[in-house]
Amino acid sequence: MLSISPNFTGMLSSINRTHNTNPVTKNTNQVSFRGKADGTDGQDIFVRKATADTLSEQEKKEYAKKLEQVGYEAFSQKQYTSCIESLKKALAINPDSARAWHAKGSAEKELGQYEESIADYTKAFELRPDSANSVGLRGLSKAKWAQEIEREDFEYSRELYSSAISDYDKSIELNPNNPDIYDYKANALMNTNKYREAIDALEGSIILNEDILAKNPDNTGVKIKLANAHHKKGKCLYTLAPSPYSPLNTEARDEFTQALEYTPGSANTYYERAKVNKRIDTEQAKADIEKAIELASDRPRYWEFYGNMLIMSDNEADRDMGFECIATALKLRSEQN
C-alpha cells in the first residue's frame with residue numbers, strides 16, 4: 001500500500017513554478033565549428049571597402065583569407081547570417097577551402113537550413129575526405145532535418161535518419177575517439193526504434209567519456225554527457241523489457257541511478273527511474289516521483305504519474321491525494337497552453 005511522504009502534501013497548495021534546468025534532457029551535445037580569427041578592425045575595414053575585381057591574384061587570395069577570418073569570427077559570436085555572407089564571398093574567390101565550406105555548413109545548421117548545410121558539408125568532405133568532423137556533422141544535419149519533417153513526411157525522415165547513421169559510421173571509422181558521434185548515432189537509432197543498436201552506440205559514448213573524465217575529474221560537461229548516455233541507455237532497456245519481471249528493468253534502473261550520480265539534480269531522470277520502479281519497487285517509485293516534483297513542480301506529467309499511482313492505493317486519503325495530483329496536472333497544462 002502506498003503512503004504519502006509528510007513533506008510532500010504541502011506542495012499541492014504551493015507549487016514552485018521556477019523552471020529548473022534539467023542537465024539530462026538539455027541538449028548539451030551540440031558540436032559547432034569554432035574557427036580562429038584575428039578579428040582586427042583593420043581587417044574588417046579592408047573587407048568592407050575592397051572589391052575582388054580591383055585586386056591582383058595574390059591580393060584576391062589575401063582578400064579571401066580575410067573574408068574567411070571575418071566569417072569564422074562571426075560564427076564565434078553566433079552571428080550566423082553574417083558568417084554565411086562572408087564565407088560566400090570567400091568561396092566565390094577560393095572554392096577549394098574545405099574549412100570555409102565546413103564553417104558555412106555549420107552556420108546553416110545552426111539556422112536550421114539543413115539542405116544547404118548538408119550540401120556544404122558534402123563539399124567540405126569531398127575536399128577533405130579524411131575529415132571525420134565534416135561527415136559526422138553532415139549526419140547531424142540530416143538527423144535534425146529528419147526530426148523537423150517527421151510529422152509531415154515520415155518516409156523521407158526515415159531515409160534521412162538512415163543516411164545520418166551511415167555518416168556517423170563513416171565518421172567513427174575515420175576517428176573512433178569522438179564520443180559525441182556515438183551519442184548522435186544513438187539518438188538516430190532511438191528515433192528509428194533500433195534500441196539494441198542504440199545501446200551499443202551509447203556504450204561507446206560512455207567508455208570514451210569515462211576515459212576523458214578520468215583525466216579531468218572536474219569536467220562538468222563530460223559528467224553531463226555521461227549522465228545523458230546512461231539516461232538514454234536506461235530508456236532503451238526499459239523499452240526493450242518484455243514484461244515487468246524482465247531483468248532488463250533492473251538494468252534500466254541501474255542506468256538511471258548511474259546517471260543521477262553525475263547529475264543529481266535531474267528531475268527527468270528521477271521521473272524515468274520512477275517509471276521503471278513502478279514495475280519492480282512501488283515504494284521507491286513513489287520516492288522518485290516525489291523527488292522529481294520537488295525539483296520541477298511545474299511539469300504536469302510528473303503530477304499525473306503520481307496521481308495515477310495514488311488512486312490505485314487501498315488508502316482513501318491516498319486516493320484523494322491522487323485525484324488532487326491529477327487535477328494539478330490538468331491545471332498546469334491549461335496554464336502552460
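Tutor: Before we start: a salt bridge here is a side-chain nitrogen of Lys or Arg within 4 Å of a carboxyl oxygen of Asp or Glu. Also keep in mind that this is a predicted model.

Student: Okay, how many salt bridges does that rule give?

Tutor: The count comes to 19 salt bridges. One of them joins the side chains of Glu-173 and Lys-170, at 3.6 Å from N to O.

Student: Where do Glu-173 and Lys-170 lie?

Tutor: Both are in helix 7, three residues apart, which is about one turn of the helix.

Student: Why do residues three or four places apart point the same way in an α-helix?

Tutor: Because an α-helix has 3.6 residues a turn.

Student: And is Glu-173 buried or exposed?

Tutor: Glu-173 is exposed, with a relative accessible area of 57%.

Student: Which residue does Asp-167 pair with?

Tutor: Asp-167 forms a salt bridge with Arg-138, and their closest N and O atoms are 2.8 Å apart. Asp-167 is in helix 7 and Arg-138 in helix 6 (residues 132-149), so this pair ties together parts that are 29 residues apart in sequence.

Student: Is Asp-167 buried or exposed?

Tutor: Asp-167 is buried, at 5% relative accessibility. Arg-138 is buried as well, with a relative accessible area of 14%.

Student: Which residues gather in the patch of negative charge on the surface?

Tutor: Glu-148, Glu-152, Asp-153, Glu-155 and Glu-159. Glu-159 sits in helix 7 (residues 154-174), and at 51% relative accessibility Glu-159 counts as exposed.

Student: Let's zoom out. How many helices and strands are there?

Tutor: The protein has 15 helices and zero strands. Of its 337 residues, 50% are buried.

Student: Why is helix 14 called largely enclosed?

Tutor: Because eight of its eleven residues (it spans 300-310) are buried, so the rest of the structure largely encloses helix 14. Among those buried are Trp-303, Phe-305 and Tyr-306.

Student: Which helices do the buried residues of helix 14 pack against?

Tutor: Helix 12 (267-280), helix 13 (282-295) and helix 15 (316-336). There is a charged link too: Arg-333 forms a salt bridge with Glu-304, with the closest N and O atoms 3.3 Å apart. That pair connects distant parts of the chain, since Arg-333 is in helix 15 and Glu-304 in helix 14, 29 residues apart.

Student: Last one: where is Gln-113?

Tutor: Gln-113 is in the loop between helix 4 (98-110) and helix 5 (114-127). Leaving aside neighbours within four places in sequence, Gln-113 is in contact with Ile-84 and Glu-108. Glu-108 also belongs to a network of salt bridges with Lys-104 and Asp-120.

Notes:
Residues are numbered from 1 along each chain as its sequence is written. This is a predicted model: local features need pLDDT of at least 70, side-chain atom pairs count only at pLDDT 80 or more; totals for chains, interfaces and linings use all residues. Side-chain values use heavy atoms; hydrogens and water are left out. Buried means under 20% relative accessible area, exposed over 50%, partly exposed in between (1.4 Å probe, protein chains only). Helices (H or I, at least four residues) and strands (E, at least two) are DSSP runs, numbered from the N terminus. Contact means heavy atoms within 4.5 Å. Patches are made of residues with over 30% relative accessible area and no salt bridge: like charges are joined within 9 Å, nonpolar side chains (Val, Leu, Ile, Met, Phe, Trp, Tyr) within 5 Å. Accessible areas come from the Shrake-Rupley method with a 1.4 Å probe; for residues, only the protein chains shown count as cover. Lys and Arg count as positive and Asp and Glu as negative; His and the chain ends are not counted. The place of a charge is taken as NZ of Lys, CZ of Arg, CG of Asp or CD of Glu.
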